[in-house]
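Work through the exercises below with the sequence and the 3D structure at hand. Each task is followed by its solution.

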Amino acid sequence: MRLDVVTIFPEYLEPLNVSLVGKARARGQLDVRVHDLRDWTHDRHNTVDDTPYGGGPGMVMKPEPWGEALDQIIESGDDGDGAAKLPTLVVPTPSGRQFTQALAVELAERPWLVFAPARYEGIDRRVIDEYAERLDVYEVSIGDYVLAGGEAAVLVITEAVARLLPGVLGNAESHRDDSFAPGAMADLLEGPVYTKPPEWRGRGIPEVLLSGHHGKVARWRRDEAFRRTSRNRPDLIERCDPAALDKHDRKL
Ligand code: SAM
């Protein structure tokens, strides 16, 4: 998968060199290219913002540098074979659709994502409208709060997407039982997990996990997931398909 990020703070994206995403880059599974938006400015001060039309506080990112940057990045997908590859544009914004595991799965199927994280009050709307005529554009919010800029959102989205790519996680099964994963545990949060030693500060582990009985372990995991979801996120239980609940769930 190819990922391009256009930002006025390229150094903010340095965490993309470490851990899971860094290793995926080193193995050639992810081609990450970080660009400085100011490279597409032409004045002495490398200006990327201006005052908002209609007045009000804050500044708005100017359309010209964004347009030049995005055009050049899109053109780089044309390798001359007559079939230009087009990226999906991801615009982090608190007014976008909610970023969920389902959306991470959807984005992980795209071969090329271009991120446009903003600063100030956001990007001049015409930029999003212009590219929406040519590309799939996702305006995405990572939560109901306001960050100073979209770079942290790019890190969040990239990490959630990258771990879904084939071969990126050491064990391909690792995300099967995650919270929100599709399948048997759909819509439930993952329950508690334990490792060795069997006793720590006088605390043991649930007997069933030592039983070696796969059926009982699976039942226990599901019950714990259901209890945790009911306690921490009752909205998920209310929203879930009643057919996804079994008789045992209903008794808890
Ligand atoms: N005035 C904007 C509003 O209220 O919707 C907030 C702009 S915020 C200070 C600057 C930038 O940070 C946004 O344009 C976006 O790129 C990013 N950002 C802030 N909160 C975000 C969130 N919850 N999800 C995704 N991106 C966010």
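Two residues are in contact if their C-beta atoms, placed from the backbone, lie within 7 Å. Helices (H or I, at least four residues) and strands (E, at least two) are DSSP runs, numbered from the N terminus. The model is predicted: local features need pLDDT of at least 70, side-chain atom pairs count only at pLDDT 80 or more, and totals for chains, interfaces and linings use all residues. Residues are numbered from 1 along each chain as its sequence is written.

**Exercise 1.** Find which residues of α5 are buried and what covers them.

Step 1. A residue is buried if 20 or more other C-beta atoms lie within 10 Å of its own, exposed if 12 or fewer, and partly exposed in between, with C-beta atoms placed from the backbone.
Step 2. The buried residues of α5 are Glu-151, Ala-153, Val-154, Leu-155, Ile-157, Thr-158, Val-161 and Ala-162.
Step 3. Their cover includes β1 (2–7), α1, β5, α3 (101–108), β6 (112–115) and β7 (136–141).

**Exercise 2.** Describe how α1 and α5 cross.

Step 1. Axes are lines fitted to C-alpha atoms, for helices over the stretch in contact, and angles run from 0 to 180 degrees between N-to-C directions.
Step 2. The axes of α1 (residues 19–26) and α5 (residues 151–162) come within 9 Å and cross at roughly 65°.
Step 3. Leu-20, Val-21 and Ala-24 of α1 meet Thr-158, Glu-159 and Ala-162 of α5 in this contact.

**Exercise 3.** State how many residues surround the ligand and which strand gives the most.

Step 1. A residue counts as near a molecule if its C-beta atom, placed from the backbone, lies within 6 Å of it.
Step 2. The ligand is surrounded by 19 residues, and Pro-92, Ala-118, Gly-122, Leu-147 and Gly-150 are the closest.
Step 3. Strand β5 (residues 88–98) gives the most to this shell, with four residues.
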